[in-house]
Amino acid sequence: MEGTKKVAVIGAGTSGLMAIKNLKEENFEPVCFEKTSRVGGLWHYHEDDIDGIPSCMWCTSLNNSKELGAISDFPPKSDYPNYMRHFKVLEMFMDYAKTFDLLHHIRYNKEVIHIMKTQDYNEIGEWKVVVKDNITGHHSEDVYSGVLVCTGHLSIPNVPHFPGMKSFKRKIIHSHSIKKFLEFNDKTVCVIGTGSSALDSAVEISHVAKQVYMSVRTPTWIMTRHGPYGYPLDWSILKWSFAILQNYFPRSICNKVIQEVFIDPRFSHDLYNILPKHGPLDRDFALSDALPSRLMSGAILLKKAINYFTEDGIVFCEEGNTVTSVDIVVLATGYLWEFPFLDSEDLIIQDKIVHLYKCVYPPHLKHPTLGIIGFIVPMGPGFPCVEMQCRWFAHVMSGKSKLPSQKEMLNDIYRQIQG
């Protein structure tokens with residue numbers, strides 16, 4: 001491939017595989033660096049627990065149905081379930097990688113430790129990538145015409161600090177560390193958070209634990225994977241008729257329709273005193289099929305936000321000084337968005353918000369040769385969005401597409417931040 005421009009792809013998860021495929025289609029030479037010995041990222045279940053490496057629980061499955069979340073030119077097999085478990089997702093992407101001859105572009109056990117502009121970046125937009133071999137410890141570097149960061153946003157646990165937390169003498173873990181659930185057998189557990197990982201953790205732990213408490217600081221809307229008549233929920237919501245509804249009716253009307261048609265008949269948030277102040281379309285919602293039944297059985301009990309920790313328990317807000325004894329605390333408190341291999345001048349992060357045009361391009365860079373893939377939380381499936389991001393980057397690199405002016409990109413980012 002003499003004369004072909006090389007593009008570095010950081011990470012061989014699902015985003016990295018789609019990046020390799022789309023770059024190849026535009027006749028670039030992708031070189032993918034994967035810090036582990038395996039492909040698949042989040043969807044490759046593993047027992048080890050290492051910060052900076054995405055991880056899933058044994059129970060993890062997709063939050064979108066396979067048809068709506070399909071890759072444009074590689075639909076899932078007809079015998080796959082609607083909501084695939086992690087090993088089925090990995091199987092699908094391994095088939096994808098083999099079909100499009102992607103695996104030989106991957107360099108395993110190679111950790112990217114620094115990405116920097118070359119001396120002639122202002123003229124041609126190239127980047128120097130420094131890589132550490134995690135087996136030998138050897139460092140190497142090379143120059144690339146472009147860089148696609150595909151490390152995802154579920155790798156670095158966010159660990160909040162509560163009053164008295166350091167004095168707590170029992171166990172505290174982040175949901176990132178949960179694989180299977182035998183360690184919770186006959187324990188009293190408090191799960192902090194209301195996102196999908198918090199709900200998954202609480203539900204699965206409640207099957208073996210003596211008691212599970214969920215600490216809810218800011219209630220969120222909880223929806224099930226199944227919609228009307230047992231069809232996948234996203235089939236019912238993500239359709240042209242609902243898109244028209246959102247274009248022609250106020251957000252308040254659309255929120256009311258979603259609540260009364262799709263949420264309340266399955267789980268009344270008001271009944272369980274976790275009714276959010278915002279509408280279902282105003283923020284991300286969480287998915288759980290089993291939470292209502294676990295609440296009804298008392299296996300999970302809802303609590304308010306945490307006031308402070310004691311040596312052997314937690315005092316929740318609005319419960320005075322009553323201590324609830326707890327054996328294990330699970331922090332389902334999300335993840336940090338960090339890019340330790342990039343210079344701070346190459347990426348703008350303010351108030352924990354990464355400033356990216358259309359969630360891909362740092363708007364202040366002179367050349368569109370650095371892209372961030374997968375830092376999105378869409379209302380709906382993520383794989384099609386990631387595929388479009390990769391395709392767009394490849395088209396911009398090849399000259400088939402152009403970015404707007406820096407001013408236009410910044411204005412678009414500010415509009416998104418302000419909602």
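This is a predicted model: local features need pLDDT of at least 70, side-chain atom pairs count only at pLDDT 80 or more; totals for chains, interfaces and linings use all residues.
**A hairpin and an open sheet**

Residues are numbered from 1 along each chain as its sequence is written, and side-chain values use heavy atoms, with hydrogens and water left out.

Strands β5 (residues 127-133) and β6 (residues 139-144) run antiparallel, joined by 6 bridges. Two strands pair if DSSP finds at least two bridges between them. Between β5 and β6 there are 5 residues, and Gly 137 in this hairpin takes a positive phi near 80 degrees.

Now the sheet. What order do the strands take? It's β3-β2-β1-β7-β22, 5 strands in an open sheet with parallel pairing. β3 (106-108) and β22 (370-372) stand at the edges with a single partner strand each, so one side of each has no neighbour in the sheet. From one strand to the next, the twist averages 20 degrees; axes are lines fitted to C-alpha atoms, for helices over the stretch in contact, and angles run from 0 to 180 degrees between N-to-C directions.

Look at β7 (residues 146-149): 3 bridges join it to β22, in parallel, and Leu 148 has Gly 371 in β22 as its bridge partner. Helix α9 (residues 383-398) packs on the sheet, touching β1, β7 and β22, where contact means heavy atoms within 4.5 Å. The direction of α9 makes about 170 degrees with that of β7.

How values were computed:
Helices (H or I, at least four residues) and strands (E, at least two) are DSSP runs, numbered from the N terminus.
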